[in-house]
Amino acid sequence: INSIPSPYPRFSNEFIGIEQGKYVVVTSTTKGGKTQFTSFTFLYTPLLYAYHHPEQLRIKFFYYSLEETPEDVLQRFMSYLLNSLSGGKIRVSPTDLQSSHNNKPLSQEVLDTLGQEEYAKILKFFEEHVEFSPSRNPTGVYNEVRKYMEEHGTVHTKKKKVKGDLGELVEVDAFDYYEPDDPDEYVFVIFDHLSLVQSEKSMTLKQTADKLSEYFVILRNRYKVSPILI
């Protein structure tokens, strides 16, 4: 397939679907729902599509959750999954899912859905394909994703002459192209969010943000990774 179908049918002419090698920036005002929009569009939708269509594609997520804990992200997915598997009948917030309010215990309908085999299988699929990382700076993110890509494909090089430290011409092996082991694997990098990025040594926040974006462009162009920057 050429893309994972858009979850917004009426907007599909403008947003045809989720493609490999696309760099997306999600921006809005404070408390504008950026994380929720990103989760539904670029996490839940491709994850569940890959779960239901293993013959079409495989999937991998690197999730840099600087604003939330991995548990928060998982609990939000659990709430979404309850709603999805019940055909929209069950709407339970992550807070209520934990029974944080003593006077609002989970209903038997919710408990029965939580016990479904399909629910457990999808949660296991989530845990196997979504990798949370503590890296906060651009170089750490780039090295982690690049390492994964090069362990799951082959980098081809070509000879190239560059200037050395003394101005002399030096021949080096330069990047030519990348050949993935699985061309149908979609690799996403979700970074949430930019204002919390850890500054690189001797760089300002603006310079660090530029460096992260520069690395995302390299990952997109060389390896067809799909960075999602909030």
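**Aromatic rings in this model**

Okay, let's start with phenylalanine 40, which is partly exposed, with a relative accessible area of 25%. Keep in mind that this is a predicted model.

So who does that ring pair up with? Searching the whole structure turns up 19 aromatic pairs. In one of them, the ring centres of phenylalanine 40 and tyrosine 80 are 5.9 Å apart, and because the planes sit at 65°, over the 60 degrees cut-off, we call this pair edge-to-face. What I like here is the link between distant parts of the chain: phenylalanine 40 belongs to helix H1, residues 34–52, while tyrosine 80 belongs to helix H2, residues 70–85, and the two are 40 residues apart. Tyrosine 80 is also partly exposed, at 24% relative accessibility.

Now for another pair, tyrosine 186 and phenylalanine 188. Their ring centres are 6.5 Å apart with the planes at 25°, so this pair counts as stacked. Are these residues buried or exposed? Tyrosine 186 is buried, and phenylalanine 188 is buried too.

Last topic, charges over rings. Which residue lies over the face of phenylalanine 62? That's lysine 60, at 5.1 Å from the ring centre. Then there's lysine 211: its charged end sits over the ring of tyrosine 215, 5.4 Å from the centre of that ring.

Note on methods:
Residues numbered from 1 in each chain as written. Predicted model: local features only at pLDDT ≥ 70, side-chain atom pairs only at ≥ 80, totals over all residues. Heavy atoms only, no water. Phe/Tyr/Trp six-rings, centres within 6.5 Å; stacked < 30°, edge-to-face > 60°. Helix = DSSP H or I, 4+ residues; strand = E, 2+ residues; numbered from the N terminus. Buried < 20%, exposed > 50% of the residue type's maximum accessible area, 1.4 Å probe, protein only. Lys NZ or Arg CZ within 6 Å of the ring centre and 35° of its normal.
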